[in-house]
Amino acid sequence: MNTQKAKDLIKLFEGLRLRAYRDSVGVPTIGYGHTSGVRMGDVITEEQAENLLEMDMTPIIKKLESYDSKYHWNENEFNALISFGYNLGVGSIDQVTANGTRTKVEIASKMLLYYNAGGKRLEGLVKRRQKEHDLFIKPVACNS
């Protein structure tokens with residue numbers, strides 16, 4: 001499935017930083033929100049940032065694929081949840097789907113509730129969740 005819409009959302013909200021910085025809760029971060037193994041002072045290229053983005057999306061895609069037999073995700077749902085999981089971690093997919101027990105309508109409404117970081121409501125996360133929600137519920141255009 002095409003994941004460009006997920007990449008576009010991730011890039012929009014994460015931004016590109018080629019030099020390590022501390023995110024809103026103090027975690028060393030680089031590229032498009034990559035955190036694993038990052039140390040302050042690290043510097044990467046744009047190509048490395050793209051590779052890290054692809055690498056970081058992989059476990060979320062695999063998790064979503066594990067639920068596909070139940071949900072039969074369309075491209076927009078799949079992409080919205082990639083962005084959601086990228087921001088919150090792969091375990092958030094289990095949480096928002098309640099381990100596959102929620103309906104798609106319930107998932108869409110629950111997505112909007114994940115707007116805190118470090119115990120505080122962040123307006124940037126409110127906006128991100130709204131964009132992800134809107135993509136999730138948007139019908140996929142037919143190519144006919």
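These are notes on selected side-chain contacts and packing in a predicted model.

1. Basis. Local features need pLDDT of at least 70 and side-chain atom pairs count only at pLDDT 80 or more, while totals for chains, interfaces and linings use all residues. Residues are numbered from 1 along each chain as its sequence is written, and side-chain values use heavy atoms, with hydrogens and water left out.

2. Asn76. This residue lies in helix α4 (residues 75-88); helices are DSSP runs of H or I, at least four residues, numbered from the N terminus. Asn76 is buried, at a relative accessible area of 0% (buried means under 20%, with a 1.4 Å probe and protein chains only). Leaving aside residues up to four places away in sequence, Asn76 touches Lys5, Leu135, Phe136, Lys138, Pro139 and Val140 (contact means heavy atoms within 4.5 Å).

3. Aromatic pairs. The whole structure holds 4 aromatic pairs (Phe, Tyr or Trp rings, the six-membered one for Trp, with centres within 6.5 Å; planes under 30 degrees apart are stacked, over 60 edge-to-face, the rest tilted). The Tyr71 and Trp73 rings are stacked because their centres are 4.6 Å apart and their planes at 20°. Trp73 and Phe136 pair edge-to-face, 6.4 Å centre to centre with 65° between the planes. That pair links distant parts of the chain, 63 residues apart: Trp73 is in the loop between α3 and α4, and Phe136 in helix α7. Both Trp73 and Phe136 are buried.

4. Cluster. Tyr67, Tyr71, Trp73 and Phe136 make up one aromatic cluster.

How values were computed: Helices (H or I, at least four residues) and strands (E, at least two) are DSSP runs, numbered from the N terminus. Buried means under 20% relative accessible area, exposed over 50%, partly exposed in between (1.4 Å probe, protein chains only).
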